[in-house]
Amino acid sequence: MTRKKIEKKLRKNLDKERFRHTVGVMYTAAALAMAHQSDMEQAMYAGLLHDCAKCIPNGEKLQLCEEYGIPVRSSERRCPFLLHAKLGAYFAKHKFKVDDPEILQAIELHTTGKAGMGTLDKIIYIADYIEPNRKEAPNLPEIRKLAFEDLDRAMLQILGDTLDYLKEKGGEQDSMTLQAYEYFHDKLTP
């Protein structure tokens with residue numbers, strides 16, 4: 001399915017703010033792909049589809065994951081909003097006919113991250129955090145600059161800030177996010 005057709009469908013299925021965010025992530029992902037000599041088309045497709053399941057109510061997300069045989073971790077059962085990433089990857093493949101495993105994985109990992117992420121995974125994770133419509137996030141101006149210089153250092157900063165925010169607010173820290181943080185910390189610490 002072409003990007004234009006996907007955009008048209010998403011415009012109907014997402015609320016106005018989510019669609020605006022989605023387009024922002026798509027173009028930010030393209031810019032990051034150019035800056036880091038990565039595939040711009042892949043980045044645009046993954047950015048466009050990363051939140052395609054976001055506007056589904058949480059209870060329905062759980063129900064659909066069970067229906068489609070998508071594994072649900074206990075932390076996702078407690079925080080079902082996280083499931084939009086896995087469900088989004090499923091929709092990208094089955095509803096939007098994306099068969100590129102790198103795009104599907106980048107969509108799946110864009111909320112929690114993971115140890116050993118590939119370049120496209122990092123681009124989508126970071127683009128989701130820094131896109132121009134995003135206004136409130138710790139260290140945002142610094143991270144925006146860093147993202148175009150060093151994806152790994154940007155990942156470490158975002159993951160650390162996310163974990164700090166969750167700890168401060170009493171939110172649950174997902175084990176995959178903790179493992180991703182530890183991975184990038186160990187990788188970048190001499």
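These legends go with close-up views of a predicted model. Local features need pLDDT of at least 70 and side-chain atom pairs count only at pLDDT 80 or more, while totals for chains, interfaces and linings use all residues. Residues are numbered from 1 along each chain as its sequence is written, and side-chain values use heavy atoms, with hydrogens and water left out.

**View 1. Inside the largest nonpolar core.** This core holds 60 residues, and Leu-10, Leu-49, Leu-87, Ile-123, Ile-126 and Ile-130 touch the most other members. A nonpolar core here is a set of buried Ala, Val, Leu, Ile, Met, Phe, Trp, Tyr and Cys residues joined through side-chain atoms within 4.5 Å; buried means under 20% relative accessible area (1.4 Å probe, protein chains only).

**View 2. Around Leu-87.** Look here for Ala-53, Ile-56, Lys-61, Leu-64, Cys-65, Tyr-68 and Ile-70, all in contact with Leu-87 (heavy atoms within 4.5 Å) once neighbours within four places in sequence are set aside.

**View 3. The largest pocket.** Its volume is about 960 Å³. Of the 31 lining residues, Thr-111, Asp-128, Tyr-129, Arg-134 and Thr-162 are the closest to its centre. On a 1 Å grid over the protein atoms alone, a pocket is an open set of points where a 1.4 Å probe fits, with protein on both sides within 12 Å along at least five of seven lines; lining residues have an atom within 4 Å of a point. Helix 10 (151–169) gives the largest share of the lining, five residues.

**View 4. The second largest pocket.** About 180 Å³ of space lies here, with Cys-52, Cys-55, Phe-91 and Phe-96 among the lining residues.

Methods: Buried means under 20% relative accessible area, exposed over 50%, partly exposed in between (1.4 Å probe, protein chains only). Grid points are joined across faces, edges and corners, and a volume is the space filled by probe spheres set on the points. Helices (H or I, at least four residues) and strands (E, at least two) are DSSP runs, numbered from the N terminus.
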